[in-house]
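Reader: I have a structure to study and would like to learn how to read it one feature at a time. Please begin with a single residue.

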Amino acid sequence: MPRKAFDTLSEPMFYVLMALRCRSLCGAEIVEWIQKKTDGHIVLGPGTLYTILPKLADEGAIREISAEGRRRSYQLTDKGQQMFAAECDRLRRCIADAESASEEESLC
Amino acid sequence: MLKLNPYYTYQIDAIESWLDEQAQKGLFLDDLVGNLFSFVKGEPKQVRYRIDLKDGVNYTEDQARIADYREFGWEYVCELSSHADIYVSHDPTAVELNTDEETLHDVLDSLLKREIAVGIVGTVLVPLLWLYNLWPDTKGYYGVYDSIVNGLSPFLTIFTVLLILTWTIPMALHLWDAVQTRRRMLLDRTYHTDSRAKKRQALHRSVLATALLILVSVGVLWGYTQSGTDITAEEFGPSITVLFPGHQPASFRPHTNIPDEMFRKSSMPLNRTIYGRQWGREILNADAFDLRQTWTYNADMEHVYIQWLAEKYAAEQAEVKGLEPVAFPDWENAWFAVRTDDSESPTVFSQQLVLQNGKDVWSFSYWTYDEAPQYDLLSAVKAYWQANPTHIG
């Protein structure tokens, strides 16, 4: 059953919001930042990235702030900050549940 | 070099693998013409062709997207469809175009839902509509046997059914593939195999060839039915003047002597026909082209190539026209009726006769308007037959 759109974030969406938290970046910079941050575990291809960016922009999570030549940069919005924070909370709960389940298992 | 695309446009994983394979054979994609990929030859090389799905992307965004992708080492090649572009990368270190299965499916699935809806409509509704439209033709104006003997309906029915199959089979495959593609892990690119591509190309080719053959056959048949030629009243034989001496058709136009009549011979796939049509008119006011129809005479002499069909056709004609069996020397079956219809104005007096012997079927109709006929069609045709027993057949 697919996840309802923006109810929770997909992994690439989550990392795109993470990359844009401190400063605005263009597409190539977003990919580079994520790759560096995750030691190459998460790699976003342009097809994936430029599918996600308009969706996030439509949702109001990011906004396109400049188009120097053909280079477009993106900035996180307040709504995007909230979405990112909510996703972090959700993931923390997931981890807490997993750890608690592991502890229970060790008692079995 | 042109090659038929073996896959549907949304089978992006298979198309990508197939294009990569072509590059390894030294064929590099140049453009797309309809469903044909155009390749240029070169040194075999390991390159990657990838398809970018775009939903609701306008031209400006499209151009910006192409420029953005170039930064990642992907060059635009051509448009696969209005929702998909093909890119190529010669750089083995360039990051893959699509890296997230879920994101890819998000876009593809919304496109596939449309494809599936189109597939359902195409596989079920379109053939039903075709068959529904075909039904009156099959039934024919004067019945099924009339449409078989005097029309192309049996051939058109066969052709239409074949045409429907050439439509339905790819549509059903399209629908099945759309459903399967939704379920598949596209980034694995495991769907394409050489034998699968060849089978699908063979199917597409045979469907196209069948459709083409059908269209050519219909054209040839239609041309054949249009090959009728005019004949003279003498060649025709039992014109109204011959049957009822002294009875002349009116001039077609009041100021000319051109009689209002038509005699032709024609061939249909299942019969050979000569027929005559004559009309009587009373000129009320020649200057004002004011005419009144006084009588109509139709005679068809058909040689049907299949005897049982001739028998069925004649019986059907008699039934449709409401004729009663009568005795007619030398003919296996004869039906005749004399009627007066005064339900509408003018009153119509009709005499209709159908004869059948072996493969020959004769049909005569004589209508007069307002005035009762002075002539007896049955006796006149009997007299004509006795005088001209080998006129047709």
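This is a predicted model: local features need pLDDT of at least 70, side-chain atom pairs count only at pLDDT 80 or more; totals for chains, interfaces and linings use all residues.

Reader: Leaving aside its neighbours within four places in sequence, which residues is B:T273 in contact with?

Author: Contact means heavy atoms within 4.5 Å. With those neighbours set aside, B:T273 touches B:R264, B:K265, B:S266, B:M301 and B:E302. Residues are numbered from 1 along each chain as its sequence is written, chains are lettered from A and ligands numbered from 1 in the order in which they are written, and side-chain values use heavy atoms, without hydrogens and water.

Reader: Is B:T273 buried or exposed?

Author: B:T273 is buried, at a relative accessible area of 6%; buried is under 20%, exposed over 50% and partly exposed in between, using a 1.4 Å probe and protein chains only. B:T273 sits in strand β9 (residues 271-285) of chain B; helices (H or I, at least four residues) and strands (E, at least two) are DSSP runs numbered from the N terminus.

Reader: How do I read a sheet, and in what order do the three strands of the open sheet in chain B come?

Author: Strands of a sheet pair through backbone hydrogen bonds, either parallel or antiparallel. Here the order is β4-β6-β5 in chain B, with antiparallel pairing; two strands pair if DSSP finds at least two bridges between them.

Reader: Why is one side of β4 and one side of β5 left without a neighbour in the sheet?

Author: β4 (48-53) and β5 (75-81) of chain B are at the edges and have a single partner strand each, so one side of each lacks a neighbour. Neighbouring strands of this sheet are turned against each other by 30° on average, direction ignored. Between β5(B) and β6 (residues 84-89) of chain B there are five bridges, and B:E79 faces B:D85 in β6(B).

Reader: Which helix lies across β4, β5 and β6 of chain B?

Author: That is α1 (residues 12-24) of chain B, at about 155° to β4(B). Axes are lines fitted to C-alpha atoms, for helices over the stretch in contact, and angles run from 0 to 180 degrees between N-to-C directions.

Reader: Which residues touch the most other members of the largest nonpolar core?

Author: In soluble globular proteins, nonpolar side chains tend to be buried together. Of the 36 residues in this core, B:L29, B:F37, B:Y49, B:L53 and B:I86 touch the most other members; a nonpolar core is a set of buried Ala, Val, Leu, Ile, Met, Phe, Trp, Tyr and Cys residues joined through side-chain atoms within 4.5 Å. Apart from this core lies another, of 35 residues, including A:F14 and A:M18. Those two residues are also among the buried residues of α1(A), a helix with eight of its nine residues buried.

Reader: Which peptide bond is cis?

Author: Most residues other than glycine have a negative phi, and most peptide bonds are trans. The bond joining B:S345 and B:P346 is cis, with omega about 0°. A:D39 has a positive phi of about 55° without being a glycine, and A:D39 is exposed at 67%.
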